[in-house]
Amino acid sequence: MFAQNDVLSPSATTREITGLAPAGFGVALFGSAFLLFWIEPLIARMLLPYLGGSQNVWNTCLVFFQAVLLLGYTYAYVLARFCSLRYQAIVHTVIMAAGAGFLPIVIASTWSPPAAISPVVVLFGILLVLLGLPFFALSANGPLLQQWYCAAAGKDMRNPFPLYAVSNAGSLAALVAYPLLVEPNLTLSRQTTLWMDGYLALTGMIMFAGCLAAFGQTQSRAVAPAATPAPAWPVRLNWLVYAALPSSLLLGVTGYVTTDIASFPFLWILPLSLYLLSFILTFSKRPLLDHALAVKLLPVAILWAAAGFLLSSVSLFAAASIEFAAFFFIAMVCNGELARIKPHPDRLTEFYLWISLGGVVGGALTALVSPLLFKDFVEYPLALSLVCLLTPGESGTRKDAYGHRILDSYGPLLLGGAIILVVVQPFALVNGYLSGGATVAGLALAGYCAVARKPRNLLLIALAVLLTLHIQQLLLTRYGSTVARERSFYGVYTVTENRAAGYRMMFHGPTLHGVERIDAKKYEPLTYYAAGGPLGDVMRAVGPRSKSIAVIGLGIGSTGCYATARQSWTFYELDPLVQKIASDSGLFHSLEQCAPNAKIVLGDGRLKLADAGRNQYDLLILDAFSSDAIPVHLLTREAFEGYARALKPHGVMAIHITNRHFDLAPVISRTAPAAGFITYERSFTAPEGSDLAALSSSRWMVLARYPNDLRRIVASPGWEKSEPKPNTKLWTDDYSNVLSALK
């Protein structure tokens, strides 16, 4: 292997390729990357409504993209190593043209995901059908174009790695443009049309670039065999590990943030943009941050991430900002290490192949394997803990630096485990709550180690703190109040109880989704659904005259406590696990005691409600949340048109819009009238000193076609007519802007 200085020698970096080659390759690379990363949030945004708006839709899509990217890099590697330049250009142009046959991307209006099949399998299948070949063709462009660029230079081979930065710059430009320019101004159908036009134009650029490589200075000669020795397996393993960990952290931090806010393109794109920016900066000719300095500061970044966990209960946005900053710095270290140990350009496609494989491994372990192994969201802190074991910047005595070590000995694991046993267990047993005390102890020890200039010990303390924070739930299950925890594609559900207060509670993520009194003689609706709140007003006014009632969102079945013997109740629930917890686990009894004959329909509420037919319900309650995130597809004009069809002519709709991060009232006030509804809203604040578990602050809206149908409801104190604001745009299935609803 050539040393890095050989690759970047003045003679190799100052010579220019004549003609149009530099511009042709640069434009093609930038355009290919732009299209590649434009289609990622676009297709995920199109598929999101069909799977309940779950944040795991994006993470699963990312794993698919990484897997196809690996296939594309493998194809590019084989093509570049064994085929002539002319044959490469012909074959790849044909592949690009074949991909155009799948365009434009359209999801049939009649399609719905099969309920009996895993959402992961459904997502992979539909992505393969809609986007498989075009995405595969685009994914191979990066390594192939860089390989052709080197070949077009002949003996005066240029350094291709800055083109890697050009490619990432195209990706970053697409990601920045999407939430700020594309999504707010273009409908989904218009986006797919423009994307198809760009793909066709790029196919012509690829043909041009192939001609430059095949018929330029090299005159269609076969690619010369590699002049440098094959990298040792420890080096290949280095490439894989340092690519896998940032990939795992990317999906982990995205899931951590979107679970409790919302799953929408901006929050998908922000961490992905930081991930790409780290590649651009570390693979540039003059890196912005010295790699050796970054390695020394790595322990601080890990402790910074640990501090972010502590802030999550105080300010989610502050915690998210801290986690994003820590993730970016860690990605800079890992990708900086990849840049430091990158091979000679004639090993370029193999290098990218291993990086891509690492990305797939990290992504698959986080998005696909972890939900099967863990009942809690531990993949993100686990990946952070593994970063503590890396030793970037260290080399062996060999000149080629292939003796670089990946992991330390077993000493760090043993020391970390000893710290956990000494610090964690006493706090768990004595206080029943361990994160605060263990973190303070860990930070104090970390400060001591930092003063003593022992960065490796600082890493070990960081590892102990991170593990401490995220095994607390396991210990609390044994010694404290957590009685059950389950996980599905749609998130983590935790059931806790407070025997002293007499309550049992269900959380989705960190958000409370229902409370029930333990051993109650008569079950009643509590928290957001209490009789003293807005829903109580609705049920007192229209409940007695409602014979058929539908609820989108089951929770623990609290709304069913308003049921009477003469009423027919139907619950629409997306997640089968919620039904299991509410009715089959033996933990909650509201549903079986209050509405034993209620019908539960599994599947997305909007899609299943459409199957119910017209004029079915007197009252429709929309109470669908994913943790505290908003389900965008349930708030569009088409969604409200569906609700109007399902309601009887004088039917009433109640919508639960309590949310810490988004103000949904202006959106609904603008969208609902397009379907023929008038709207009122009420914000309820629980009286000071009240039992918040029994009576929670909440915000609700009521809708009906005719004012008289809401007369008795809005006569109660606190109800106000909700008028649309002129600057609020209409949300449709083809257009929505979640950022506009941000508080």
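**Rings, charges and one arginine**

The charged end of Lys-721 lies over the ring of Tyr-680, at 5.9 Å from the ring centre. Keep in mind that this is a predicted model. A second case is Arg-236, whose charged end sits over the ring of Trp-233, 4.6 Å from its centre.

Now rings with rings. A pair of aromatic rings is described by how far apart the centres are and by the angle of the planes. The count here is 18 aromatic pairs. One of them is Phe-64 with Phe-65, an edge-to-face pair with 6.1 Å centre to centre and 70 degrees between the planes. Phe-64 and Phe-65 are both buried. Why is the pair of Tyr-528 and Tyr-529 edge-to-face? Because the planes of Tyr-528 and Tyr-529 are at 90 degrees, with the ring centres 5.8 Å apart; over 60 degrees counts as edge-to-face. Both of these tyrosines, Tyr-528 and Tyr-529, are buried as well.

Ring pairs also build a cluster, which links Trp-58, Phe-64, Phe-65, Phe-124, Phe-135 and Trp-268.

Last, the arginine. Arg-682 is in strand β10, residues 678-684. Is Arg-682 buried or exposed? Its relative accessible area is 12%, so Arg-682 is buried, the cut-off being under 20%. What does its side chain reach? The side chain of Arg-682 makes a polar contact with the side chain of Asp-537 at 2.5 Å, and it reaches the backbone oxygen of Pro-717 at 3.4 Å. Leaving aside residues up to four places away in sequence, Arg-682 touches several others, including Gly-532, Ser-698, Trp-700 and Trp-719.

Methods. Residues numbered from 1 in each chain as written. Predicted model: local features only at pLDDT ≥ 70, side-chain atom pairs only at ≥ 80, totals over all residues. Heavy atoms only, no water. Phe/Tyr/Trp six-rings, centres within 6.5 Å; stacked < 30°, edge-to-face > 60°. Buried < 20%, exposed > 50% of the residue type's maximum accessible area, 1.4 Å probe, protein only. Lys NZ or Arg CZ within 6 Å of the ring centre and 35° of its normal. Helix = DSSP H or I, 4+ residues; strand = E, 2+ residues; numbered from the N terminus. Polar contact = N/O pair within 3.5 Å; in protein donor to acceptor, adjacent residues only side chain to side chain. Contact = heavy atoms within 4.5 Å.
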